[in-house]
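Here is a short briefing for a first look at this structure. Keep the sequence and the 3D view side by side as you read.

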Amino acid sequence: MIKGINLTLMIGPAVPVPVSQEVLEALTSVKVTSTTEGASGFELTFTLSNRSPLTTLFLLSGGNSIPLVRVMIVVTINGTPEVLMDGVMTNHEITPGQSGQSTLTVIGEDLTRVMDYIDFSGIPYPAMPVEARIALILAKYTVLGVVPVVIPTMFTEVPIPTQQIPRQQGKDLGYIRELARDAGYIFYIEPGPIPGMNIAYWGPEIKTGIPQPALNINMDAHTNVETLSFNFNSEAKTQPIVYIHNELTKVPIPIPVPDFSLLNPPLGMVLPIAKNINQINGAAKFSPVKAALAGIAQASGTSDVVTASGSLNVLRYGHVLKARRLVGVRGAGTAFDGLYYVKSVTHNIKRGEYKENFTLSRNGLISTLPVVPV
């Protein structure tokens, strides 16, 4: 690949193994997308001879003959491995070309796809709080290297079996995401930190922590991004209101919900005023705490009025920019310098080239920090 950067591709049923040299030589490009919204995915492009047995092998592996073909993509930068993707094949595309060559594209998603195969509707969870239900559901995927990280809600509610026995509705992925929305939480599976291991996170969206190396623009020799543009949309912010039912007066009480918490602090000093009011439907049936958590989750989702998009060369940046983490921006001016939350990252890898496209967001203008961490 590139000096200081090596790519490892592993494919196999359930347990992936390193591919042969013939497969690596046929590989022309790798695309991996990591995002905070929805599942992450990958795309592998191979250039093969029309008579190559690899074409038939890939098609068979993606069909009914092997129900679960796992793909792991790892890049090693200066001796440090970074797992970009651990997922499964979902689709194949073949484009016949000239001179007896064809282009085979293998498409797949992360391991959340496996959780969307079987419908487990009707399974009872007597006397089990929501955290216990999530942990029990995720336990069946530990054979794939999935390690559950379940953050308890602020106030745990244990259903009384004589009054209520929760039952699963639908497939595991949909049910877990529904419980996450009700609690104001998120759910995703992130590969790593070592090959073969995946973190299944169910908890609040955390926008704190140690920032990644800063993205520098307009700083001459210290510039490490190729493009970077910003957008400020003050109309995007809304003010959620939850209605809590008063059992004594039978009158619903409207409560405005703040758009930040201890885990989601303001990253901008100047915050725009919300011009739109959004009533959260169905919150009246929740407890006051549960309704507040749902409101905070929805408020934080509409509070990011500043977005940035750009691209970088990983060799120049010196690191792999990761989604769901903070990163600093320098050299963009007083209004846009500071810390941002990385919403999505797309890795584009070809022979001799490794670039990333990224999207950042935060909730206001002007940095809350006097100095942006390098």
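Leaving out residues up to four places away in sequence, E131 touches V150, I151, P152, T153, T156 and W202; contact means heavy atoms within 4.5 Å. This is a predicted model: local features need pLDDT of at least 70, side-chain atom pairs count only at pLDDT 80 or more, and totals for chains, interfaces and linings use all residues. Residues are numbered from 1 along each chain as its sequence is written, and side-chain values use heavy atoms, with hydrogens and water left out.

**E131 and its helix**

- E131 sits in helix 3, residues 130-139. Helices (H or I, at least four residues) and strands (E, at least two) are DSSP runs, numbered from the N terminus.
- E131 is buried but has no salt bridge. Buried means under 20% relative accessible area, with a 1.4 Å probe and protein chains only. A salt bridge puts a side-chain nitrogen of Lys or Arg within 4 Å of a carboxyl oxygen of Asp or Glu.
- The nearest side chain of opposite charge is R133, 7.2 Å away. Lys and Arg count as positive, Asp and Glu as negative; His and the chain ends are not counted.
- Helix 3 lies across strand 8, strand 9 and strand 10. Helix 3 runs at about 175 degrees to strand 8. Axes are lines fitted to C-alpha atoms, for helices over the stretch in contact, and angles run from 0 to 180 degrees between N-to-C directions.

- Three strands form an open sheet in the order 8-10-9, with mixed pairing. Two strands pair if DSSP finds at least two bridges between them.
- Strand 8 (146-150) and strand 9 (186-191) are the edge strands, each pairing on one side only.
- From one strand to the next, the twist averages 15 degrees.
- Strand 8 pairs with strand 10 (residues 198-203) in the parallel sense, over five bridges. V149 stands opposite Y201 in strand 10.

**Two hairpins**

- Strand 5 (residues 69-77) and strand 6 (residues 80-96) are antiparallel, with eight bridges. V74 faces V83 in strand 6 as its opposite residue.
- Two residues separate these strands in the hairpin, where N78 has a positive phi near 50 degrees.
- Strand 6 also pairs with strand 7 (residues 101-110), antiparallel over nine bridges. P96 stands opposite S102 in strand 7.
- That hairpin has four residues between the strands, and S99 takes a positive phi near 55 degrees.

**L326**

- L326 lies in strand 18, residues 326-330. L326 is buried, at 6% relative accessible area.
- L326 and Q212 are 114 residues apart in sequence, yet 6.2 Å apart C-alpha to C-alpha.
- Beyond four places in sequence, the contacts of L326 include K207, L267 and Y340.

Technical notes: Buried < 20%, exposed > 50% of the residue type's maximum accessible area, 1.4 Å probe, protein only.
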